[in-house]
Amino acid sequence: MKKVLSLLISSLSYIGIVRKPATFLFSLLLFSSLSIIASEKYGQSVNEDYRMAQRYKELAIEAHKEGDYERSIGFAKKSQEHSDKYLAPLSYAKAEAILRRARERGFDKSKSDIYNQALQSLTNADRYLKAEDYSNSLTNSKNVISLANLMGISEFDSAGSKNTVVSGTFPKYYRVVERTKNTDSLWRIASYDFIYGKGHLWRKIYEANRDKIKDPNIIRKGQVLTIPSIKGEQREGTYNPNNTYGNIKR
């Protein structure tokens with residue numbers, strides 16, 4: 001195994017991709033690590049797959065230092081598997097939100113070719129996610145975001161908030177929930193119709209809860225977050241899934 005890895009590294013070094021013997025393997029490990037870190041900017045709840053991805057990354061690094069390259073690569077693959085499982089539902093939520101904004105801006109008609117490609121990728125992402133094929137789901141969700149960027153929409157864009165006062169009952173507090181699939185994140189919480197209906201408004205929740213959220217990259221199960229009003233809507237009480245709430249987008 002070490003000889004095979006050395007030959008591969010040597011060939012990559014020849015074309016200028018790898019400069020040092022350890023770089024290639026650590027590039028694989030770093031990709032897994034950065035995938036998780038990049039996703040954290042939306043403050044998702046740390047769940048078991050996140051912890052397992054980090055743990056396997058640490059084991060891979062330890063095995064590599066000990067010269068056990070076969071075990072190291074095995075651990076790196078497991079880290080990536082858990083990373084994909086963790087990120088896939090979060091990326092799908094972001095892709096769904098950004099494509100909804102594209103439709104709100106009329107790009108389903110004015111830029112129909114790109115929009116339809118993105119819509120097909122979103123459909124694929126959903127199908128793969130339900131089939132627990134997290135890697136392919138993640139790939140398709142990322143493609144949606146890339147195509148949305150071509151249409152001129154960033155995942156950080158503000159769609160703008162109307163100043164119209166919204167009627168209905170809305171919760172003032174929300175308790176973070178950890179799920180096996182579609183676990184809570186600031187983005188996902190903000191996207192709920194009874195919160196803001198738009199994931200990109202997650203920063204408003206973060207700003208209102210700086211005393212509870214030390215790092216916007218991490219929210220935890222059971223945290224009670226304050227939800228500030230953004231359209232003059234009246235908010236009271238803690239969210240209860242058994243209650244009926246208004247839809248802020250109406």
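**Reading the fold, step by step**

Author: Let's begin with contacts, where contact means heavy atoms within 4.5 Å. Among contacts in the protein chain between residues at least 6 apart in sequence, 69% join residues at least 24 apart. Please keep in mind that this is a predicted model: local features need pLDDT of at least 70, side-chain atom pairs count only at pLDDT 80 or more, and totals for chains, interfaces and linings use all residues. Residues are numbered from 1 along each chain as its sequence is written, and side-chain values use heavy atoms, with hydrogens and water left out.

Reader: How many helices and strands does the protein chain have?

Author: Helices (H or I, at least four residues) and strands (E, at least two) are DSSP runs, numbered from the N terminus. Here there are nine helices and two strands. Following the sequence, the pattern reads α-α-α-α-α-α-α-β-α-α-β.

Reader: And what share of the residues counts as buried?

Author: Buried means under 20% relative accessible area, exposed over 50%, and partly exposed in between (1.4 Å probe, protein chains only). By that rule, 44% of the 250 residues in the protein chain are buried.

Reader: Now for pairs of helices. At what angle do the axes of α6 and α7 cross?

Author: Axes are lines fitted to C-alpha atoms, for helices over the stretch in contact, and angles run from 0 to 180 degrees between N-to-C directions. Helix α6 covers residues 112-130 and helix α7 covers residues 134-150; their axes come within 8 Å and cross at roughly 160°. Angles under 35 degrees count as roughly parallel, over 145 as roughly antiparallel, 65 to 115 as roughly perpendicular and the rest as oblique. The pair α6 and α7 is therefore roughly antiparallel.

Reader: Is the crossing of α6 and α7 left-handed or right-handed?

Author: A crossing is left-handed if the near helix is turned anticlockwise from the far one by less than a right angle, and right-handed if clockwise. In this case α6 passes α7 in a left-handed crossing. The residues of this contact divide into ten nonpolar, eight polar and no charged. For those classes, Ala, Val, Leu, Ile, Met, Phe, Trp, Tyr, Cys and Pro count as nonpolar, Asp, Glu, Lys and Arg as charged, and the others, Gly among them, as polar.

Reader: What about α4 and α7: roughly parallel or roughly antiparallel?

Author: Helix α4 spans residues 69-104, and its axis comes within 8 Å of that of α7, crossing at roughly 30°. The two are therefore roughly parallel. This crossing, too, has a hand to read: it is left-handed. Among the residues making the contact are Ala88, Tyr92 and Leu99 of α4 and Ser137, Leu138 and Val144 of α7. By class, the contact of α4 with α7 has eleven nonpolar, four polar and three charged residues.

Reader: How do α4 and α6 cross?

Author: Their axes come within 10 Å, at roughly 155°. That makes α4 and α6 roughly antiparallel, with a left-handed crossing. Residues including Ala88, Ala95 and Leu99 of α4 meet α6, where Ala118, Leu122 and Leu129 are among the partners. The contact of α4 with α6 counts twelve nonpolar, no polar and three charged residues.

Reader: Can we zoom in on one residue? Which residues is Ser137 in contact with?

Author: Ser137 lies in helix α7, and it counts as buried because its relative accessibility is 0%. Beyond its neighbours within four places in sequence, Ser137 contacts Ala88, Ala125, Tyr128 and Leu129. Look also at polar atoms: one in the side chain of Ser137 lies 2.8 Å from the backbone oxygen of Ala125.

Reader: Is Leu147 buried or exposed?

Author: Leu147, also a residue of α7, is buried, with 9% relative accessibility. Leaving out residues up to four places away in sequence, Leu147 touches Ile114, Gln117, Ala118 and Ser121.

Reader: Where does Glu132 lie?

Author: Glu132 is in the loop between α6 and α7. Its phi is positive, about 65°, although Glu132 is not a glycine.

Reader: Let's finish with a strand. What does Tyr173 touch?

Author: Tyr173 belongs to strand β1 (residues 173-175). Apart from residues up to four places away in sequence, Tyr173 touches Val224, Leu225, Thr226, Ile227, Gly237, Thr238 and Tyr239. With a relative accessible area of 29%, Tyr173 is partly exposed.

How values were computed: Polar contact = N/O pair within 3.5 Å; in protein donor to acceptor, adjacent residues only side chain to side chain.
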